[in-house]
Amino acid sequence: MKGAGRTLTVAEGAAMICGTGIGSGVMAIPCLIKSAGVIGGLLAFAAAFALSAVMHCLTADMVINSGEHEIPRIFSCLLPPGKRKRQAELLFFVLTALMLTANISAYILGGAEVLCALLPVPVTAGKLLFFAAAALPVMLGLRAVGMSEKWLVAAIGVLLAVITAFALTKAEGTLPQCGSLRAALGAFSMLMFSLTALFAVPELARGMRNDACRIKRAILGGLFANLMVCLLICVSTIAASEEVTEMAGVGLRNALGPVAGVCADLFILLALLTSFFVLAFSLTGIISGQFHMKRRTSLAAVTLPALLAAFIPSSSFVDMAKVAGGIVSLLISILLVPAYCRSVQLTGCSAVTGRWGQSRALLICAIVGSLLVIVGIFC
């Protein structure tokens, strides 16, 4: 694989974690937080960060213990032998492929919408333009993906600073102290979706040669950066106007004018690109390993179905995102924690999570939290 000879830095690894999740519905969070209120919003943010940190560190330990860096092979190593092992492997592979394809398709749809808002191009051209730009770093390899993530996340930070400055100079909106429990649960679910970068963890471990200390620093740094992005988007959107639209970009444009609107559009575009990079790269590796295909052939097999799905009539970013979010939560609640327990049982090692990773109470909380995410999707 291109770029496999050099290790990822902690900054590049954190950018991969941050960039993978940051495009997943972050602009839908402010509307939910507005309805949840201060207390519900803070609880949603705290719970989402804690659960995300636990799940990503458990995944990192599972990857290191298995010695593999492709999701299906990791689970194949950890599943107990028996008649149902093959069925479990097939179920996981199908769910993984569906989730990643739905996510990639959602990014193409979202990217096309933004490009059409910024440029005088038809929707079809917008989809193709976004697809071409997003697929290039994936074709070049892991190092190109890591460097692209780092620079685009830095650009996202600059755009976010501009949007926040515009919003705080106006500061017309308010946030109630208490709100709807249903909205708080929905906000928690959407925050989990926006922080989720589980499928970037195997590539992170590969790029860092299974160095547990550096992997943990990259995971926590990436999740914290992503959390701050979500928080600033919420603060900016809620401060900009008393009325918060379902998609924050629309509200920012209406409240702050065209300059802030363009910054918001660019923010969304770059966020979608960073998410596309890692998920497409991860799924390409999975397909390549499963079917022994060349990387570029695997890339075509991964991305073309997602591109075709983006042309399905009436398909939307939100619909695709909900499908992907539901499948992620289902995978976590059914397969991840048992597989992690199996990895620790086989190796006796939890280098990333430490002694906390072997706490039964923590693992139960992780399963319950994952089930709450599924419930929150429908709130």
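1. Over which ring does the charged end of K127 sit? The charged end of K127 sits over the ring of F311, 4.5 Å from the ring's centre. A charge sits over a ring if NZ of Lys or CZ of Arg is within 6 Å of the ring centre and within 35 degrees of the ring normal. R355 and W356 give another case: the charged end of R355 sits over the ring of W356, 4.9 Å from its centre.

2. A word on the source. This is a predicted model, in which local features need pLDDT of at least 70, side-chain atom pairs count only at pLDDT 80 or more, and totals for chains, interfaces and linings use all residues. Residues are numbered from 1 along each chain as its sequence is written, and side-chain values use heavy atoms, with hydrogens and water left out.

3. Now the overall build. The protein has 14 helices and zero strands. Helices (H or I, at least four residues) and strands (E, at least two) are DSSP runs, numbered from the N terminus. Of the 379 residues, 57% count as buried. Buried means under 20% relative accessible area, exposed means over 50%, and partly exposed lies in between (1.4 Å probe, protein chains only). The protein exposes about 15400 Å², and carbon and sulfur atoms supply 70% of that area. The areas come from the Shrake-Rupley method with a 1.4 Å probe; for residues, only the protein chains shown count as cover.

4. Contacts come next. Contact means heavy atoms within 4.5 Å. Take the contacts with a separation of 6 or more: residues 24 or more positions apart account for 84% of them.

5. How many aromatic pairs are there? The count comes to two. Rings of Phe, Tyr and Trp (its six-membered ring) pair if their centres lie within 6.5 Å; planes under 30 degrees apart count as stacked, over 60 as edge-to-face and the rest as tilted. F49 and F224 form an edge-to-face pair, 6.5 Å centre to centre, with 80° between the planes. F49 lies in helix α2 (residues 29-66) and F224 in helix α9 (residues 212-240), so this pair ties together parts that are 175 residues apart in sequence. F49 is partly exposed at 23% relative accessibility. F224 is partly exposed too, at 45%.

6. F130 and F276 also form an edge-to-face pair, with 6.1 Å centre to centre and 85° between the planes. F130 belongs to helix α5 (residues 123-140) and F276 to helix α11 (residues 258-291), so the pair ties together parts that are 146 residues apart in sequence.

7. Next, the core. In soluble globular proteins, nonpolar side chains tend to be buried together. A nonpolar core is a set of buried Ala, Val, Leu, Ile, Met, Phe, Trp, Tyr and Cys residues joined through side-chain atoms within 4.5 Å. The largest one here has 114 residues, and M55, I104, I108, F130, F267 and F276 touch the most other members. Helix α11 gives the largest share of this core, 19 residues.

8. Look at V278 in helix α11. V278 is buried, with a relative accessible area of 1%. V278 and V138 are 140 residues apart in sequence, yet 7.8 Å apart in space, C-alpha to C-alpha. Leaving aside neighbours within four places in sequence, V278 is in contact with M16, T20, V145, E149 and A200.

9. Helix α9 holds I233, which is buried at 0% relative accessibility. I233 and I29 are 204 residues apart in sequence and 8.4 Å apart in space, C-alpha to C-alpha. Beyond four places in sequence, the contacts of I233 include V26, M27, L160 and F267.

10. Check the loop between α8 (201-207) and α9, where R209 is found. Most residues other than glycine have a negative phi. Phi of R209 is near 55°, a positive value. N210, in the loop between α8 and α9, has a positive phi near 60°. N210 is partly exposed, at 25%.

11. Last, the cysteines. A search of the whole structure finds zero disulfides. A disulfide is a pair of cysteine sulfur atoms within 2.5 Å. C116 is partly exposed at 23%, and C341 is partly exposed at 32%.
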